[in-house]
Amino acid sequence: MSRSLTQRVLWLLMAVVIAMTATPIVILANRITPSPLGVPFFLLWCGAIPLLLWILMVLHSRVSSLEGESKS
Amino acid sequence: MTALIGISIVLILTLGVGLAPAFSRKAKQALSVNEYFLGSRGMGPVVLFFTSMATWYSSSLFLGAVAEVYAKGIGWIFAFTSTAISGLVFYFIAPRMQALGQRHRFVTQADFFAHRFDSRLLGLLVGLVGTVCMIPYITIQVVGVGLIFDIFTDGLVPFWLGALIAVAICALFIYFGGMTSVAWTDVLLGIVFVTSIWFVVGMILFDAFGGFGSFFEAARTRVPELLTLPGPKNLEWGYFLSQTWVIGLGGYMWPHLYMRMVAARSARDARRVGSLITLASVPSQLPVVLGALAAAILIPSLASPDTALISLIGDYAPLWTIAILGAGGIAASLSTINSLAHSQGVTVAQDLYLRLVKKRPSESRIIAVSRAFVLITCVIAYAAALTKPTFLWTILANTYSGVIQFFPLMIAALFWSKATKQGAIAALIVGLVTALLFSYVIGTPWGIVAPAWGFVANVLTLIVVSLITQPARDGVGVTTVSREAT
């Protein structure tokens, strides 16, 4: 497991959190429709961010621990 | 009367759980500073998660957030994202703080900064800023708990008495049990808060709308203005985005929340809890948003939006559910009051008292000072709460002007070896003054909140001053901690 993979996941994590919360993409997400499962889109967007971040954090944790194991 | 039963059960259980660690300790076994301040640095993932979460969610969520969504719409849901970002901060910083804390016996941020930058002055400043910021924070929590008593018991337990009961109970178990008592009561209160609010809001949604699908359909047709920005009160994007980041980055810089990082049993547990905080941000806050939207659809034009949730009970949920909702409200408030009061006692003893005395006092003396300040804090907060400051959420947001200033210092201390004590001190002062200027003199251009302006000024000052000053000392401070942290 290369160190660059951990770093790549880290950069992906940072890019996702910034893109979804601090760029004009947020403004584009500010709409009621489409409403998947009936949920207004903006509510779904804001609810999806924590879930996506959690998945990336778990991925980062796994990759970095695999890297640690391969080093030892 | 029904609500009083639910509230009383929570209060009795809280007192029991809070006092249990103190009384289960063997009589001759003296309480150590490490135990009183940090629960002997032995918090496992479950306790750490619940104490971090329950402390974060407060009466500001139960009353303030409901009022915000009811009156201004969904703009408040920046809280989902900001809590998720705070989990990310915890995920990356807490394992490092836990490891460094174990090695160097750090208790507060001030300890860490004073060691890293080799500056007693910086330690004092950080302790002072933290202490000052916590006073309004704890005050609004006491106001919240007094209001909850007053509203839920329909005046049977008036504001002053409800606030007094809550503060007295917290002071009692903190006095005897310290961090262990606080953490275990948080586990209880966190579970009570989340289950009670989901239960009651779920009942309301099914009773009034028949389920989530028809509820969202009703929201889309009857209150569409509440479902997007800018909402009925013209909320600016600058506010939404800056508040997301200020609370996200600054949340775990609060002294009471930072202390949970160093109280973790292991770095691995700390990291795991960081990811759980992110995951739990939606499930724990969504029912508040749904309940407030339901109230906006069903009972528009409420004079006091703080009471939106309770106003739905009776017509849309059985009357007995008021006991469950009341229990949840009290749980949200108590879980924050206890952590804040305990942390204030620790911060004053550790950051101010121990830094100002020349010879290190005995363990029992340090605990006595900390306990005294827990009691003093409770008295001050109670007295201030009797003035009933309004706009709970706004007051809380303004206190971030202080704590957000610790974040750039923390990142620089951990990852930038060129950061100097001069840079850190200047950054803290300039950031704080800038935030206060924007808060009270200049205003908030483009809706960007004052703490965000302070944050930018802090970062710029830290970089510029650090680059033009020499590192404080090679060896113990700068190089070692930066290397240990990475």
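A crossing of two helices is left-handed if the near helix is turned anticlockwise from the far one by less than a right angle, and right-handed if clockwise. By this rule the crossing of H8(B) and H14(B) is left-handed. The structure is a predicted model, in which local features need pLDDT of at least 70, side-chain atom pairs count only at pLDDT 80 or more, and totals for chains, interfaces and linings use all residues. Residues are numbered from 1 along each chain as its sequence is written, chains are lettered from A in the order in which they are written, and side-chain values use heavy atoms, without hydrogens or water.

Helix H8 of chain B spans residues 159-209, and helix H14 of chain B spans residues 321-356. Helices here are DSSP runs (H or I, at least four residues), numbered from the N terminus. The two pack at an angle of about 145°, with their axes 6 Å apart. Axes are lines fitted to C-alpha atoms over the stretch in contact, and angles run from 0 to 180 degrees between N-to-C directions. The contact of H8(B) with H14(B) (heavy atoms within 4.5 Å) has 20 nonpolar, 9 polar and 1 charged residues. Ala, Val, Leu, Ile, Met, Phe, Trp, Tyr, Cys and Pro count as nonpolar, Asp, Glu, Lys and Arg as charged, and the others, Gly among them, as polar.

B:Asp111 and B:Arg355 meet through their side chains at 2.6 Å, N to O. Over all chains, 6 salt bridges are found (a side-chain nitrogen of Lys or Arg within 4 Å of a carboxyl oxygen of Asp or Glu).

Between chain B and chain A, the rule finds 0 salt bridges. Polar contacts number 6 residue pairs, both at pLDDT 80 or more. Such a contact is a pair of N or O atoms within 3.5 Å; within protein, one must be able to donate a hydrogen and the other to accept it, and residues adjacent in sequence count only if both atoms are side-chain atoms.

One bond runs from A:Thr33 to A:Pro34, with omega near -5°. Another joins B:Leu229 and B:Pro230, with omega about 10°.
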